[in-house]
Amino acid sequence: MTAADGPSPQALTSDLPRIGQGSLTERTTQALLEAILERRFPMDRLPNEPDLAEQMGVSRTTIRAALQSLDRLGVISRAPGRGTQRRPHIGPESMLL
């Protein structure tokens, strides 16, 4: 290859940022956190696990793990019969992203 041929394909891609770093659960958790902080859920109530899984294109196992992470962080509360809700004190100003 000569200089006239241009840079090698490796040189073209070596400076590009990686997309989708982290596990699927981590990316799902981050997407849910952003949606919660942007108040995209009516009355701060999240859909049930099957509906979230379908909307986000991931398994219920992934949704469940993401919701458990958000619950441990204190972002949401979950209770049988009541569903999943954003905790009232959570807003963009209270989160370090």
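A crossing of two helices is left-handed if the near helix is turned anticlockwise from the far one by less than a right angle, and right-handed if clockwise. Helices (H or I, at least four residues) and strands (E, at least two) are DSSP runs, numbered from the N terminus. By that convention, helix 2 and helix 4 make a right-handed crossing.

This is a predicted model, in which local features need pLDDT of at least 70 and side-chain atom pairs count only at pLDDT 80 or more, while totals for chains, interfaces and linings use all residues. Residues are numbered from 1 along each chain as its sequence is written, and side-chain values use heavy atoms, with hydrogens and water left out.

**Helix packing**

The axes of helix 2 and helix 4 come within 9 Å and cross at roughly 60°. That makes helix 2 oblique to helix 4. Axes are lines fitted to C-alpha atoms, for helices over the stretch in contact, and angles run from 0 to 180 degrees between N-to-C directions. Under 35 degrees counts as roughly parallel, over 145 as roughly antiparallel, 65 to 115 as roughly perpendicular, and the rest as oblique.

Contact means heavy atoms within 4.5 Å. Helix 2 contributes L24, T25, T28, T29, L32, L33 and I36; these meet T62, I63, A65, A66, L67, S69 and L70 in helix 4. By class, this contact has nine nonpolar, five polar and no charged residues. Ala, Val, Leu, Ile, Met, Phe, Trp, Tyr, Cys and Pro count as nonpolar, Asp, Glu, Lys and Arg as charged, and the others, Gly among them, as polar.

**Salt bridges**

The structure holds seven salt bridges (a side-chain nitrogen of Lys or Arg within 4 Å of a carboxyl oxygen of Asp or Glu). Three of them are listed here.

| Pair | Closest N and O atoms |
|---|---|
| R86 and D44 | 2.6 Å |
| R64 and E49 | 3.3 Å |
| R87 and D71 | 3.8 Å |

R86 forms a salt bridge with D44. This pair links distant parts of the chain, 42 residues apart: R86 sits in strand 3 (residues 83–86), D44 in the loop between helix 2 (24–37) and strand 1 (45–46). Both R86 and D44 are buried (under 20% relative accessible area; exposed is over 50%, partly exposed in between, with a 1.4 Å probe and protein chains only).

R64 forms a salt bridge with E49. R64 lies in helix 4 (residues 60–72) and E49 in helix 3 (residues 49–56), so the pair ties together parts 15 residues apart in sequence. R64 is partly exposed, at 30% relative accessible area, whereas E49 is buried, at 13%. E49 and R64 also belong to a salt-bridge network with R60 and R78.
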